[in-house]
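Here is a walk through pockets, a cavity, charged pairs and aromatic rings. Keep the structure open while you read.

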Amino acid sequence: MAFDAVVFDLDNTLCRQDGDVGAAYRQAFEQVGTEPFGETADLWSALDGSPDPNDRIGYLGAGFARVAAQYDRRDVDPIALASALLDGIDTSAVAFLPGAERVLETARSHGPVAILTNGPRRRQRAKIRALDLEDAVDAIVYAGDLPRRKPHVDPFEIVLEELGVRAGRSVYVGDSLEYDVAGAHNAGLQAAWLRPDGEDAGRYRPEYELDSLTELHDVLTTE
């Protein structure tokens, strides 16, 4: 399929966190001065729905509160733990998802390529640099620094303007139904959804459902 441009989400689409999150979890308790409880797996299981890019601390804090209740720990401040956890994660410790480098190369051979992430530059640029993506794409939009983030149309319109392409002939690739698929459709782009394990699209209707980025390579190279 020929597109005027391919635009990618960053986290859990092109890359994943590759640092020792378990160490950051333990250090969060040390930082707030309280006895640790649970493990990172407990926290991930307690998180409800997709992360809220406008309130990452509140999103993680709600998870910490649920884990604290499981361990009968009423003495902790879940928001303080969430803030300490985020501070302790090395944002530059990232790795490409399988197939990401190949599909980026394929997309570049067909037209302009961009990254649109809901994170702010101060957090996301370390990942971009660690992956050597600054010179590998034609535009990067940090929606976290804009008045409105995905799924609002503004960040999509900005990236399309920077690339000089039309929405209807472009595709956005991301792993979130609520932010990536909905946002792309709001702005008139086609959507390629990188499906998390076992998740169903439900009421969303992405044009492409991918179990891996390798499948996007096949989409881009099919006439």
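Which residues lie nearest the centre of the second largest pocket? They are Arg56, Leu86, Pro120, Arg122 and Arg123, out of 13 residues that line this pocket.

## Ground rules

What you see is a predicted model: local features need pLDDT of at least 70, side-chain atom pairs count only at pLDDT 80 or more, and totals for chains, interfaces and linings use all residues. Residues are numbered from 1 along each chain as its sequence is written, and side-chain values use heavy atoms, with hydrogens and water left out.

## The pockets

First, the terms. The search runs on a 1 Å grid over the protein atoms alone; a pocket is an open set of points with protein on both sides within 12 Å along at least five of seven lines, while a cavity is a set of points where a 1.4 Å probe fits but cannot get out. A lining residue has an atom within 4 Å of a point. Grid points are joined across faces, edges and corners, and a volume is the space filled by probe spheres set on the points. Helices (H or I, at least four residues) and strands (E, at least two) are DSSP runs, numbered from the N terminus.

Back to the second largest pocket: its volume is about 250 Å³. H3, H4 and H6 each give at least two residues to its lining, and H4 brings the largest share, with three. Sorted by class, the lining has four nonpolar, three polar and six charged residues. Here Ala, Val, Leu, Ile, Met, Phe, Trp, Tyr, Cys and Pro count as nonpolar, Asp, Glu, Lys and Arg as charged, and the others, Gly among them, as polar.

The largest pocket comes in at about 1,300 Å³. It has 42 lining residues, and the closest to its centre are Asp11, Asn12, Pro51, Arg56 and Asp175. Strand S2 (15-17), H3, H4, helix H6 (121-130) and H8 each supply at least two residues of that lining. The class tally is 17 nonpolar, 10 polar and 15 charged.

## One cavity

The structure has one cavity of 30 Å³ or more, and the volume of the largest cavity is about 50 Å³. Ten is the count to look for in its lining: of these 10 residues, Phe3, Val6, Ala107, His110 and Leu220 lie nearest the centre. Strand S1 (5-8) and helix H5 (100-110) each put in at least two.

## Salt bridges

Side chains of opposite charge can pair when their charged atoms come close. There are 13 salt bridges here (a side-chain nitrogen of Lys or Arg within 4 Å of a carboxyl oxygen of Asp or Glu). Burial is judged by relative accessible area: buried is under 20%, exposed over 50%, and partly exposed in between (1.4 Å probe, protein chains only).

Take Asp180 and Lys150, joined at 2.7 Å, N to O. This pair links distant parts of the chain, 30 residues apart: Asp180 sits in helix H8 (residues 177-186), Lys150 in the loop between strand S5 (139-142) and helix H7 (153-163). Asp180 is buried at 3%, and Lys150 is buried at 3% too. In the bridge between Arg73 and Asp75 (2.8 Å, N to O), Arg73 is buried at 16%, whereas Asp75 is exposed at 53%. Asp4, Arg166 and Arg169 are linked in a network of salt bridges.

## Aromatic rings

Seven aromatic pairs turn up in the whole structure. Rings of Phe, Tyr and Trp (its six-membered ring) pair if their centres lie within 6.5 Å; planes under 30 degrees apart count as stacked, over 60 as edge-to-face and the rest as tilted. Phe29 and Phe37 are edge-to-face, because their planes meet at 75°, with the centres 5.0 Å apart. Both of these residues are buried.

Phe37 also pairs with Tyr71: the centres are 5.9 Å apart and the planes at 35°, so this pair is tilted. Phe37 lies in the loop between helix H1 (21-32) and helix H2 (40-46), and Tyr71 in the loop between helix H3 (56-70) and helix H4 (78-88), 34 residues apart. Tyr71 is partly exposed at 40%. Ring pairs join Tyr25, Phe29, Phe37, Phe64 and Tyr71 into a cluster.
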